[in-house]
Amino acid sequence: MKRYANYLILAGMILSLGVGTFAITRLMLAYEEYQQGDKVYEELQNFADEAGPEKNADEPDSQMTEEPPDDFQFLQVDFEELQAINPDVAAWIQIPALDISYPVVRGTDNSYYLSHLFNGKANINGSIFMDYHSQPDFTGQNTIIYGHNMKNGSMFGTLEQYQDENLYRQYPSFYLYIPGYRLEYQIFSCYTARAGSAGYTYSFPEQEDFATFLETVTSYALYDTGITAGPADKIVSLSTCVNTSREHRFLVHGKLMNQTAIGTKE
């Protein structure tokens with residue numbers, strides 16, 4: 001009986017060791033993928049240099065709504081080089097408040113770029129990508145952009161920081177670069193909601209449908225931004241997962257405030 005009990009103890013120890021080894025291996029593999037993803041996106045930063053005012057000399061289509069912080073620089077994106085790497089590139093997103101700066105891709109579905117990097121390699125980091133239903137030139141009424149909430153803060157891993165109203169007051173805008181233009185979006189609502197909620201609506205058959213959408217997502221706002229969106233506005237909605245709930249997402253809605261013509265990278 002004692003020998004049998006010893007066998008059970010030994011088997012339990014071996015099982016525990018196996019489980020522990022498996023867990024450690026998975027952590028090591030995940031860490032390696034984090035590192036690989038970070039390296040790819042760090043290299044892509046070479047195609048989005050900081051641009052001083054002299055490089056953006058074209059007349060803007062409208063005036064800036066906010067003066068950017070002193071330590072903030074706009075970008076000059078080399079879309080020709082990015083398209084040579086991946087023709088799915090649609091834009092470059094810059095969120096000054098969160099130090100987010102990534103290319104944005106648009107695939108043929110909403111699955112592929114959940115697990116593939118910009119260069120096409122399979123990786124848990126995935127990519128920042130547009131909903132494939134969205135218009136690639138951002139002319140749709142609600143363009144949806146997704147990104148993983150990575151534990152190391154990469155991708156959209158810091159998007160939830162917009163729960164802090166003080167952060168919003170300091171940095172109320174984010175930017176999208178497309179060939180020839182910089183688009184400024186001012187945030188008017190951010191909140192946590194269930195996946196598939198009203199914020200993910202991309203089709204509005206009637207004008208009243210879009211009005212209802214704007215009213216609904218504004219009502220969900222964690223705080224009053226003082227910004228209102230109307231039927232003529234173009235919206236970009238940023239979405240990421242919530243680590244505490246698989247069923248919920250954190251969304252940030254911004255409306256187009258300014259479209260500035262910019263030069264191309266030399």
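Keep in mind that the model is predicted.

Start with the parts list. The chain has four helices and 10 strands. From the N terminus on, the order is α-β-β-α-β-β-β-β-α-β-β-α-β-β. Of the 266 residues in the chain, 44% are buried. The exposed surface comes to about 14400 Å². Carbon and sulfur atoms supply 52% of that surface.

Now contacts. Take those between residues at least 6 apart in sequence. Of these, 67% join residues at least 24 apart.

Next, the barrel. Eight strands form a closed barrel. The order around it is S3-S4-S5-S6-S9-S10-S8-S7, and the pairing is mixed. On average, neighbouring strands of this sheet are turned by 30 degrees against each other, direction ignored. Strands of a sheet pair through backbone hydrogen bonds, and they do this either parallel or antiparallel.

Strand S3 covers residues 89–95, and strand S4 covers residues 100–106. In which sense do S3 and S4 pair, parallel or antiparallel? Antiparallel, over six bridges. One example is isoleucine 95, whose bridge partner in S4 is isoleucine 100.

On to helix H4, residues 207–219. H4 has 13 residues, so at 1.5 Å a residue it should span 18 Å. Its end C-alpha atoms are 19 Å apart, which agrees.

Which residues of H4 are buried? Phe210, Phe213, Leu214 and Val217. Seen down the axis of H4, these buried residues fall within an arc of 95 degrees, so they line one face of the helix. Look at the other side of H4 and you find Glu208, Glu215 and Ser219 exposed.

Last stop, a loop. Tyrosine 171 sits between helix H3 (165–170) and strand S7 (173–178). Is tyrosine 171 buried or exposed? Its relative accessible area is 15%, and buried means under 20%, so tyrosine 171 counts as buried. Now find alanine 97. In sequence, tyrosine 171 and alanine 97 are 74 residues apart. In space, their C-alpha atoms are 5.5 Å apart.

Notes
Residues are numbered from 1 along each chain as its sequence is written. This is a predicted model: local features need pLDDT of at least 70, side-chain atom pairs count only at pLDDT 80 or more; totals for chains, interfaces and linings use all residues. Side-chain values use heavy atoms; hydrogens and water are left out. Helices (H or I, at least four residues) and strands (E, at least two) are DSSP runs, numbered from the N terminus. Buried means under 20% relative accessible area, exposed over 50%, partly exposed in between (1.4 Å probe, protein chains only). Contact means heavy atoms within 4.5 Å. Accessible areas come from the Shrake-Rupley method with a 1.4 Å probe; for residues, only the protein chains shown count as cover. The expected span of a helix is 1.5 Å times one less than its number of residues. The arc is that of the directions from the helix axis to the C-beta atoms. Two strands pair if DSSP finds at least two bridges between them. Axes are lines fitted to C-alpha atoms, for helices over the stretch in contact, and angles run from 0 to 180 degrees between N-to-C directions.
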